[in-house]
Amino acid sequence: INILDVMTYSIPSDEKVIDAIFYVMYRHPQVRSQREMVELVSNELNRSGGNYRISGQRIRRLAIKNDMLVLSISYNESEGELPTVCPVCGGGMTSVMNSTLDGRTIEVCRRCDVCPYTIGTTKHVPGRYSFSRKRR
């Protein structure tokens, strides 16, 4: 056995990944974690004998960008600065401001311009993603 034959793999095109996500969501109306989604999409990509590898982040971002599914996010509390770039899809974050009773303006939360990620004044990072088929 040649070790190079065992270790080689391919990166699928965006079109192949989008098709695989479509078929996965058709067969599985709800996928409860990103790990499960990666496994299902990888299996779909490799059905015809290919050796494709793909990350959960790429699957998630392509699905969001192409409006293919409903993404639910559960959060874990974290420390540090509030993000200026969405940790879920890479989109920009918009500050939501509010006026206080004494006339000052404060930031209440930040909302992603692309996906459902929202963060308050306490930093929360995505802990688990779940994916649901979009109703057409």
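Strand E2 (69–77) and strand E6 (residues 124–133) run antiparallel and are joined by 9 bridges, and within this pairing Ile 73 has Tyr 129 in E6 as its bridge partner. Strands and helices here are DSSP runs, of at least two residues (E) and at least four (H or I) respectively, numbered from the N terminus, and two strands pair if DSSP finds at least two bridges between them.

This is a predicted model, in which local features need pLDDT of at least 70 and side-chain atom pairs count only at pLDDT 80 or more, while totals for chains, interfaces and linings use all residues. Residues are numbered from 1 along each chain as its sequence is written, and side-chain values use heavy atoms, leaving out hydrogens and water.

The open sheet has 3 strands in the order E1-E6-E2, with antiparallel pairing. Strands E1 (30–31) and E2 stand at the edges with a single partner strand each, so one side of each has no neighbour in the sheet. Helix H2 lies across E1, E2 and E6, at about 75° to E6.

H2 (residues 14–27) also packs with helix H4 (residues 56–65), and its axis approaches that of helix H3 (residues 34–45); axes are lines fitted to C-alpha atoms, for helices over the stretch in contact, and angles run from 0 to 180 degrees between N-to-C directions.

| Helix pair | Angle | Axis separation |
|---|---|---|
| H2 and H4 | about 80° | 10 Å |
| H2 and H3 | roughly 115° | within 9 Å |

In the contact with H4 (heavy atoms within 4.5 Å), Asp 14, Val 17 and Ile 21 of H2 meet Arg 58, Ile 59, Leu 62 and Ala 63.
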